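Subject: Structure handover

Hello,

Here is the structure for you to look over. My notes follow below it.

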Amino acid sequence: MSVTTGTGAGAGRLVADKVGGQYWQREAETLSTGELGELQMARLRATLQLAYDNVPFYRRKLDEAGIRPDAVRCHGDVQDLPFTTKGDLRDHYPFGLFALPRTEVVRVHASSGTTGNPTVVGYSRGDLELWGDLIARTLAAGGIGPGDLLQNAYGYGLFTGGLGLHFGGERLGCTVLPISGGNTERQLKLMRDFGATALACTPSYALHLAEAARDHGYAPADLPLRVGFFGAEPWTNEVRQQIEQALGLDALDIYGLSEMGGPGVAFECLCKDGMHVNEDHYLVEIIDPHTLANVPEGEVGELVVTTLTRRAQPLIRYRTRDLCSLSYEPCACGRTFARMSKPVGRTDDMLIIRGVNVFPSQIEEVLMSIPEIEPHYQIVVDRQGYLDVVEVWIEVGEDIFGETMGQLEKFERMVQQRLYSVLNIQVKVRLKEPRTIARSEGKAVRVIDRRRKA
Amino acid sequence: MKVTQLTVFLENRSGRLAEVTDILGKAGINIRGFSTTEAAEYGILRLIVPEPEKARDLLNKEGFTTHLTEVVCVAVPDEPGGLARVLDVLAEQEISVDYMYSISLQNICFALRDIDRAVELLKGRVRLLSDEEVRKL
């Protein structure tokens, strides 16, 4: 099957890959290593120049590092470039990192704020077209195209998932049902009545839909779903199996982050063995989050991404805080793009507590500012009914133990108040005996999230 | 005439109190008086023992958090108004009492989760006092 759609320069053409899916832009998706490397370096230099000329933050950073944008020649040079962090985005809130005049920025998305300011991302018209192509590649790899109905149950709005999948689906030429999230019964009715063949939502919502389908007496055969695109939260292969069995589809993982424009950074082919990074548009590295040096291929570390083609808001060596590995082994599907593993965690695992983003590092900062508290602590998150509850466990050493209950209670209240003033949520402090908090060999397990069943 | 009291931080887990008394018992340290405070998740055990420093070291070695404090022990006349006389002296001078407890170890009152089962278990092993006997003390 071969269908041509779209008129823009980046428009694609569906061509079968080797495992039952399709390429959207076969030439780009199958570039040789040499061609890809050259393309990346040329695009990187252009991106650096754009940032240098238009974003004072990057001009200063590059000047400080003594790097001229046109002097970056090879991947080795990339390691000398400065990093960008989420903190930098917040510091330049809202539009301080835009590289284009506002007249050329046609869309703005924003992620939920953590300690105040949300993370803002801007798009030029070209950025949006490019984004559409990257999502079209994602969907095509799952084997869908014109004639398929994509039920898009990602939330529409400031969140990049909904609109990202929406325009990618339209660019690919399938029929998009912009149902957004929630209203599960209607989801199921329309899924059946309209004959949705593809589903896009978070993996947890897919599980919820599967459960609801069973409860409402839908047989898998009533729902013609073939493939699902699930992302925006980490999920395991165990969950993949559950979703696939319950909904009778191929469950594919997709990866992105709002800072990079949203979904479309990486996607699984039907091999389901790692997500192909759109390397012609994103330069990826894995670093050791402590030494900041690149790690050898295959080792787990922090994913660092540089945008190669985004113009409204280029980001250089952005530290995603996602921990994963990269594989450059050839894939059976025929794509030459490197594959990233499912993120195994985050360098800074953000918790969402009653809708508020909480970083364990924030809790640690509060605790470690109180001299009596030992460096052993644990954060325990649980759900009581519909409410998330957070406990912070700390060990009572000689310095805390003041001899009367009043002193202990006063200490508890003091810690709770300090946590509240930073996090804006009530956290229960739980005093434990010394050495009762598990010590880990290697990386400490600071967070126990009992809400996660998978 | 001050006395050193040993205080122990205890998490509210079953058997934890018994661990403390086992450690002291095996070391030949006789508990002469004690009190516990109750809280949902943890409590404080206060002990009067002959060698508080030694007892503290033993417990510290076993991972307990402890504290030594100075307290005053009073022989209160066993008659109506006996305790009141002591407290009146303190109250007159506005000396507040953080806590107080009895350290005569002859008869001890327990509040237990499963009181009926506890009675069945203890009966025959130790002498339990009847309501009447307690009233006559």
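In chain B, residues 24 or more positions apart account for 60% of the contacts with a separation of 6 or more. Two residues are in contact if their C-beta atoms, placed from the backbone, lie within 7 Å.

Some ground rules. This is a predicted model, where local features need pLDDT of at least 70 and side-chain atom pairs count only at pLDDT 80 or more, while totals for chains, interfaces and linings use all residues. Residues are numbered from 1 along each chain as its sequence is written, and chains are lettered from A and ligands numbered from 1 in the order in which they are written.

Confidence

The model scores ipTM 0.71 and pTM 0.64. Chain B averages a pLDDT (the predictor's confidence in each residue, from 0 to 100) of 85. In chain B, 99% of the residues score at least 70. Among the elements of chain B, helix α2 (residues 52-61) has the highest mean pLDDT, 94. Helix α5 (residues 131-136) of chain B has the lowest, 77.

Chain B

Chain B has five helices and four strands. Helices (H or I, at least four residues) and strands (E, at least two) are DSSP runs, numbered from the N terminus. Their order from the N terminus is β-α-β-β-α-β-α-α-α. Of the 137 residues in chain B, 15% are buried. A residue is buried if 20 or more other C-beta atoms lie within 10 Å of its own, exposed if 12 or fewer, and partly exposed in between; C-beta atoms are placed from the backbone.

Strands β2 (residues 33-36) and β3 (residues 42-48) of chain B pair in the antiparallel sense over four bridges. Strands pair if DSSP finds at least two bridges between them. β2(B) and β3(B) form a hairpin, with five residues between them. B:Ser35 stands opposite B:Arg46 in β3(B).

The A-B contact

Chain A puts in 14 residues and chain B 15 residues. On the side of chain A that touches chain B, strand β22 (residues 428-432) of chain A gives the most, three residues. That side of chain A divides into five nonpolar, three polar and six charged residues. Here Ala, Val, Leu, Ile, Met, Phe, Trp, Tyr, Cys and Pro count as nonpolar, Asp, Glu, Lys and Arg as charged, and the others, Gly among them, as polar.

The sheet in chain A

Chain A has an open sheet of nine strands with mixed pairing. The order is β6-β5-β7-β8-β9-β10-β11-β16-β15. β6 (175-177) and β15 (326-327) of chain A stand at the edges with a single partner strand each, so one side of each lacks a neighbour in the sheet. β5 (residues 149-152) of chain A pairs with β6(A) in the parallel sense over three bridges. A:Leu150 stands opposite A:Val176 in β6(A).

Helix α6 (residues 125-141) of chain A packs on the sheet. α6 touches β5, β8 (227-230), β9 (250-257) and β10 (262-268) of chain A, and its direction makes about 30° with that of β10(A). Axes are lines fitted to C-alpha atoms, for helices over the stretch in contact, and angles run from 0 to 180 degrees between N-to-C directions. Helix α7 (residues 160-172) of chain A lies across β5, β6, β7 (198-201), β8 and β10 of chain A, at about 65° to β10(A).

In helix α11 (residues 360-368) of chain A, A:Ile363, A:Val366 and A:Leu367 are buried. Seen down the axis, the buried residues of α11(A) fall within an arc of 95°, so they line one face of the helix. The arc is that of the directions from the helix axis to the C-beta atoms. They pack against β20 (377-384), β21 (387-395) and α12 (405-423) of chain A. The face turned away from the buried side of α11(A) carries exposed A:Glu365 and A:Met368.

In helix α3 (residues 56-65) of chain A, the buried residues are A:Tyr58, A:Lys61 and A:Leu62. These cover an arc of only 95° around the axis, which puts them on the same side of α3(A). They pack against α2 (33-54) of chain A. On the other side of α3(A), A:Pro56, A:Arg60, A:Asp63 and A:Glu64 are exposed.

Backbone points to check

A cis peptide bond joins A:Tyr93 and A:Pro94, with omega about -10°. A:Asn183 has a positive phi, near 50°. A:Arg435 also has a positive phi, of about 60°, although it is not a glycine.

Best regards
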